[in-house]
Amino acid sequence: MRLGVLDVGSNTVHLLVVDAHPGARPLPAHSYKAELRLAELLDDDGAIGPAGIERLVETIEGAVQAAEDQGCEQVLPFATSAVREASNADTVLAKVKAEAGVDLQVLTGDEEARLTFLAARRWFGWSAGKLLVLDIGGGSLEIAYGIDEEPDKAVSLPLGAGRLTAAMLPGDPPDPLDVRALRRHVRAEIARVVGEFTRLGRPDHVVATSKTFRQLARIAGAARSTEGLYVQRELSRRSLQEWVPKLAAMTGEQRTGLPGVSEGRARQLLAGALVAEGAMDLFGVQAAEICPWALREGVILRRLDHLPAS
């Protein structure tokens with residue numbers, strides 16, 4: 001079947017169209033995306049304003065049209081942190097359903113972490129042993145650990161790159177005092193949950209997913225995306241520690257000159273780097289392997305698991 005998954009994330013609205021059937025690897029057929037950065041559009045009351053809602057509805061309508069054009073038999077629409085935590089989430093969801101005809105399913109942070117873990121497990125297989133999976137989004141950080149397809153422990157923390165940039169790094173380049181305050185905040189939040197994971201034992205393999213981790217790995221020397229999915233890419237803690245002060249000294253525009261850094265994500269990259277560095281440091285991770293699959297693929301795989309075998 002041709003299946004579409006519509007991901008309304010904190011940074012991007014992304015429709016991924018795949019050709020898939022139970023027991024087979026989903027094959028990407030088409031991608032439609034628009035960067036809205038909803039995590040940065042929240043007002044002082046935590047609500048998505050009228051202009052943001054209008055842009056969201058228009059973008060989802062475009063994605064629905066793209067899914068129809070591509071012949072999708074089914075579209076799985078879901079929303080993550082920015083919509084989930086908006087103070088007017090019910091209004092946003094009702095508006096999307098009334099005007100775009102899409103019933104967005106809002107994932108909990110725990111569901112995000114578990115579905116991303118499933119995607120990583122399927123990508124690396126059973127031979128990877130105990131996995132620790134780190135995923136930095138625009139609104140949240142997901143952490144999951146386990147040896148099976150369902151993690152033994154999964155948490156979601158409000159440490160997304162977009163959210164933190166909007167709330168704590170107003171300057172461009174950022175004020176060094178703001179950077180230090182953000183670093184303290186990130187590490188304090190992660191430290192609260194580290195013990196819940198470390199008591200489960202050391203992982204055999206540490207995996208990082210998301211655009212933030214991919215961009216950090218790229219500027220640290222990992223292979224370009226054009227070299228394909230199956231090239232091994234890694235981000236070391238040492239290289240990340242070397243890059244954090246460099247990123248802190250740059251403006252957003254200057255960061256766009258770095259390899260693999262998009263204009264829409266450039267301002268968020270420092271906050272993402274501080275979260276990645278904090279997580280790797282506090283979990284004692286020397287290096288993490290970049291996984292091409294993440295939440296969208298996890299949603300697809302879970303749906304395929306519930307289809308009858310033909």
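Analyst: What follows goes through the sheet strand by strand, and then turns to a pocket, the cores and a cavity.

This is a predicted model, in which local features need pLDDT of at least 70 and side-chain atom pairs count only at pLDDT 80 or more, while totals for chains, interfaces and linings use all residues. Residues are numbered from 1 along each chain as its sequence is written, and side-chain values use heavy atoms, with hydrogens and water left out.

The sheet is open and is formed by five strands in the order 3-2-1-4-5, with mixed pairing. Helices (H or I, at least four residues) and strands (E, at least two) are DSSP runs numbered from the N terminus, and two strands pair if DSSP finds at least two bridges between them. Strand 3 and strand 5 (105-106) stand at the edges with a single partner strand each, so one side of each is left without a neighbour in the sheet.

Strand 1 (residues 2-8) pairs with strand 2 in the antiparallel sense over seven bridges, and a hairpin of three residues joins the two. Within this pairing, Leu 6 has Leu 15 of strand 2 as its bridge partner. Leu 15 also stands opposite Tyr 32 in strand 3, and strand 2 and strand 3 (residues 27-35) pair in the antiparallel sense over eight bridges. Seven of the eight residues of strand 2 (residues 12-19) are buried, so this strand is largely enclosed by the rest of the structure; buried means under 20% relative accessible area, exposed over 50%, and partly exposed in between, with a 1.4 Å probe and protein chains only.

Elsewhere in the sheet, strand 4 and strand 5 run parallel and are joined by two bridges, and Ala 79 has Val 106 of strand 5 as its bridge partner.

On a 1 Å grid over the protein atoms alone, a pocket is an open set of points with protein on both sides within 12 Å along at least five of seven lines, a cavity is a set where a 1.4 Å probe fits but cannot get out, and lining residues have an atom within 4 Å of a point. The lining of this pocket includes Leu 76, Pro 77, Phe 78, Gln 105 and Arg 302, and by class it has six nonpolar, one polar and two charged residues. Here Ala, Val, Leu, Ile, Met, Phe, Trp, Tyr, Cys and Pro count as nonpolar, Asp, Glu, Lys and Arg as charged, and the others, Gly among them, as polar.

The largest nonpolar core has 49 residues, and Leu 132, Ile 143, Ile 190, Leu 216 and Leu 247 touch the most other members. Helix 10 (residues 269-282) gives the most to this core, with nine residues. A second, separate core of 26 residues includes Val 8, Ile 53, Val 57 and Ala 86. A nonpolar core is a set of buried Ala, Val, Leu, Ile, Met, Phe, Trp, Tyr and Cys residues joined through side-chain atoms within 4.5 Å.

Finally, the lining of the largest cavity includes Thr 165, Asp 172, Arg 255 and Leu 270.
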